[in-house]
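Hi,

Here is the structure I said I'd pass on. Have a look at it first, and then read my notes below.

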Amino acid sequence: MQQIAIVGYQQSDCVSWAGATNEVELIMPVLRRVFDQVGLANAQDVDFVCSGSCDYLQGAAFAFVAGVDALGAVPPIKESHVEMDAAWALYESMLKIRMGHAKSALIYGFGKSSPGELPIVLSQQLDPYYLAPQWVDTISLAAMQARLMLDQGLITERDMAEVVARSRGNALNNPHAQLSGDIAVDELLAQETYVSPLRKSDCPPVSDGASAVIICTVEQAIEWGVPYAIISGIDHRIESHNLAMRDLTDSVSTRQAAQGAGMADGSVDVAELYAPFSHQEIILTRALGLGENTQVNPSGGVLAGNLMMASGLSRIGELFNRITSGEARRGIAHATSGPCLQHNLVTVVESA
Amino acid sequence: MSQPEVLTQAFELGFTYTRSTGPVVGRFLTELRDRRIFGIKGSDGRVIVPPMEYDPVTAEELSEFVEVGQQGEIVSFAWVKEPRAAHPFDRPFAWAMIKLDGADVAMIHCVAAQSEGELATGARVQAVWADETRGFITDIRCFELAQEN
């Protein structure tokens, strides 16, 4: 099968409020940087472009089309979009390349979540008859999931705080992080609950920003003469939309995706996990069977900055950075979508 | 400098169509209007409330309705200290997964309580109906702690 390489990754800062900067203005500097990283002039130099975003964040139908303005798509380009995190746009781009319809692809994701009330906006992605009319917010759903785990003795609040402390600490090395710092576990535990049993620190910040990745065939990467890492596997699986029919203390679909992506075929030096809530990182590491030999979220993960519709793509990009810098030889990136880890994608990336 | 005239126009977002909720969701909502709660049997015989049209594992079309109780127990809950504008209460309340008597799968709804300490996993709750029921999930206004029989 055609081997596919990652050759570029750039992300904007995660900011709590981008002000008057619009989505196109959030995307454009990131695209310029990723083109420069690979030595390309513009979107005309790749065969395919695919983006990931959510029109609900902008509150307008077909809002994603405006994002194409950032490409300067004249003359016309081959372009597509997923109403999902851009990690799934990367999945679509891989299919495009494997089918022989393209040798290279630009993928970008963006989200400006600050103008709306994100947990309420996301409530409208739930079951349209049973849940959306109740406006059940996504933080409350995650809080119920956390309580299930606490009640069953699967985790403690200290375990959750340890995830937060490590994420914030790791984020000190991530110049694009929104929340970083040395914070003691006891200091976190001393904070009041927010949506109990969750504390605010267990929840991801609301962030504005964008990220972009360029992938291509290995032949193309060699021709461009840039450092690259190889995507050796990718798969995604989804669970029922009925939250109460799932085992919320486990992530069956993540495990299935990891099996499909061939995670177990080698060592996992690094895992970049899209765990929006602290307890979900524990669910994911257990579902994937990650042990002491795996460094989890060296970037700080999404507890340090959560770009809706781009954070999953950024996990793949962060993994690419670890591998091309020589810090890791092989690792996995995980992306999630939907409430309480409903839909999960796992990508395996290896050094060239 | 004089203020420019700002043109305004009222705009109401609406849908110019109606849609049927179908034989499963529609049956459930119609029963709610009549202050009854119905579930449906899944492929493995488990009673799912609210009913699903298809079994999530086997994809079998489901059709065997079962009436369930209006009391049940809390499987998990989230205590909301600061309700949001869209939320059903303007004072602290809980979202909960509630397994109704006769059901095997919990449903998600809100629970009215004075404080988080009043609630617990396993606590018994009962449905409180809206004054006027119209065939919406919100016909169940909320759940509250059950009076012991």
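In helix α7 of chain A, the buried residues are A:M160, A:A161, A:V163, A:V164, A:A165, A:S167, A:R168 and A:N170. "Buried" here means that 20 or more other C-beta atoms lie within 10 Å of a residue's own; 12 or fewer makes it exposed, anything in between partly exposed, and the C-beta atoms are placed from the backbone. Helices are DSSP runs of H or I with at least four residues, strands are runs of E with at least two, and both are numbered from the N terminus.

Before going on: this is a predicted model, so local features need pLDDT of at least 70 and side-chain atom pairs count only at pLDDT 80 or more, while totals for chains, interfaces and linings use all residues. Residues are numbered from 1 along each chain as its sequence is written, and chains are lettered from A and ligands numbered from 1 in the order in which they are written.

Back to α7(A). Its 14 residues (157-170) should span 20 Å at 1.5 Å a residue, and this agrees with its end C-alpha atoms, which are 20 Å apart. (The expected span is 1.5 Å times one less than the number of residues.) The buried residues pack against α8 (185-189) and α11 (278-288) of chain A, where contact means C-beta atoms, placed from the backbone, within 7 Å.

How do α7(A) and α11(A) pack? They meet at an angle of about 95°, with their axes 8 Å apart, and are therefore roughly perpendicular to each other. From α7(A), A:D159, A:M160, A:V163 and A:V164 make the contact, and from α11(A), A:S278, A:H279, A:E281 and A:I282. That gives four nonpolar, two polar and two charged residues. Axes are lines fitted to C-alpha atoms (for helices, over the stretch in contact), and angles run from 0 to 180 degrees between N-to-C directions. Under 35 degrees counts as roughly parallel, over 145 as roughly antiparallel, 65 to 115 as roughly perpendicular, and the rest as oblique. For the classes, Ala, Val, Leu, Ile, Met, Phe, Trp, Tyr, Cys and Pro are nonpolar, Asp, Glu, Lys and Arg are charged, and the others, Gly among them, are polar.

Another helix pair is α4 (86-98) and α12 (311-324) of chain A, packed at about 65° with axes 5 Å apart. A:A86, A:A87 and A:L90 of α4(A) meet A:G312, A:L313 and A:I316 of α12(A). Here the count is five nonpolar, one polar and no charged residues.

Next, the sheet. Ten strands of chain A form an open sheet with mixed pairing, in the order β3-β2-β4-β7-β1-β8-β12-β11-β9-β10. Its edge strands, β3 (79-82) and β10 (295-296), each pair on one side only. Strands pair if DSSP finds at least two bridges between them. β1 (4-11) and β7 (208-217) of chain A are antiparallel over seven bridges, with A:I6 opposite A:I215. Helix α10 (252-261) of chain A lies across β8, β11 and β12 of chain A, at about 35° to β12(A).

Finally, the two chains. Chain B gives 29 residues to the contact and chain A gives 23. On the side of chain B, β4(B) gives the most, with five residues, and by class that side has 21 nonpolar, six polar and two charged residues. β4(B) also pairs with β5 (193-196) of chain A in the antiparallel sense over two bridges, and A:S196 stands opposite B:W79.

Cheers

Methods
Contact = placed C-beta atoms within 7 Å.
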